Amino acid sequence: THDAKTVCEKVLAPSLVARFTQEGLSCERGIQIFLASVRNPTLSVGRITVNRGAASALVLTGARCQKLALANLLLVKTSGGWRIASESREASSRRTC
């Protein structure tokens with residue numbers, strides 16, 4: 001499901017949610033706009049490295065008719081568990097369409 005509220009509350013770090021507000025947009029609305037363009041998303045998680053209250057995860061993401069992307073997700077440990085704080089993308093691969 002495209003549950004933007006859950007993504008904002010349980011997946012993204014507070015610092016990342018705050019970026020939406022800085023841009024004059026609620027987190028939920030920003031996620032809804034993003035998800036509206038995504039069809040049949042895929043996510044493969046590779047190497048995960050944990051260092052105290054921070055972690056990184058190498059992931060491969062894709063969606064129908066969009067290029068595959070290799071990214072490194074940076075996570076922070078919060079009182080509610082691990083949350084995505086930022087990501088850095090590597091070069092995109094071939095389209096999946």
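Colleague: Which hand does the disulfide of C8 and C27 have?

Modeller: This is a predicted model, and in it the torsion about the S-S bond of C8 and C27 is about -95°, so the disulfide is left-handed. The two sulfur atoms are 2.1 Å apart, and by the distance rule used here the count comes to one disulfide.

Colleague: And what parts of the chain does the pair link?

Modeller: The pair links distant parts of the chain, with C8 in helix α1 (residues 4-11) and C27 in helix α3 (residues 27-36), 19 residues apart.

Colleague: How much of the protein is buried?

Modeller: Buried residues make up 27% of the 97 residues, while the protein exposes about 6,700 Å², of which carbon and sulfur atoms supply 54%. As for contacts between residues at least 6 apart in sequence, 36% of them join residues at least 24 apart.

Colleague: Moving to the strands, how many buried residues does β1 have?

Modeller: The count is zero among the 10 residues of strand β1 (residues 42-51), so this strand is hardly covered by the cut-off used here, under which buried means under 20% relative accessible area.

Colleague: What does β1 pair with, then?

Modeller: Strand β1 pairs with strand β2 (residues 54-62) in the antiparallel sense, over eight bridges, and within that pairing L43 stands opposite T61 in β2. The two strands form a hairpin with two residues between them.

Colleague: What is the phi of R52 in that turn?

Modeller: R52 has a positive phi of about 60°, although R52 is a residue other than glycine. Most residues other than glycine have a negative phi. R52 lies in the loop between β1 and β2, and at 78% relative accessibility it counts as exposed.

Colleague: What about N40, where does that residue lie?

Modeller: N40 lies in the loop between α3 and β1, and N40 also has a positive phi, of about 50°, although it is not a glycine. At 52% relative accessibility N40 counts as exposed, since the cut-off for exposed is over 50%.

Colleague: Last topic, N72: why does that residue count as buried?

Modeller: N72 counts as buried because its relative accessibility is 19%, and the cut-off for buried is under 20%. N72 is found in strand β3 (residues 67-78).

Colleague: And which residues is N72 in contact with, leaving aside its neighbours within four places in sequence?

Modeller: With those neighbours set aside, N72 is in contact with S56, A57, L58, S86, E87 and S88.

Definitions and conventions: Residues are numbered from 1 along each chain as its sequence is written. This is a predicted model: local features need pLDDT of at least 70, side-chain atom pairs count only at pLDDT 80 or more; totals for chains, interfaces and linings use all residues. Side-chain values use heavy atoms; hydrogens and water are left out. A disulfide is a pair of cysteine sulfur atoms within 2.5 Å. Helices (H or I, at least four residues) and strands (E, at least two) are DSSP runs, numbered from the N terminus. Buried means under 20% relative accessible area, exposed over 50%, partly exposed in between (1.4 Å probe, protein chains only). Contact means heavy atoms within 4.5 Å. Accessible areas come from the Shrake-Rupley method with a 1.4 Å probe; for residues, only the protein chains shown count as cover. Two strands pair if DSSP finds at least two bridges between them.
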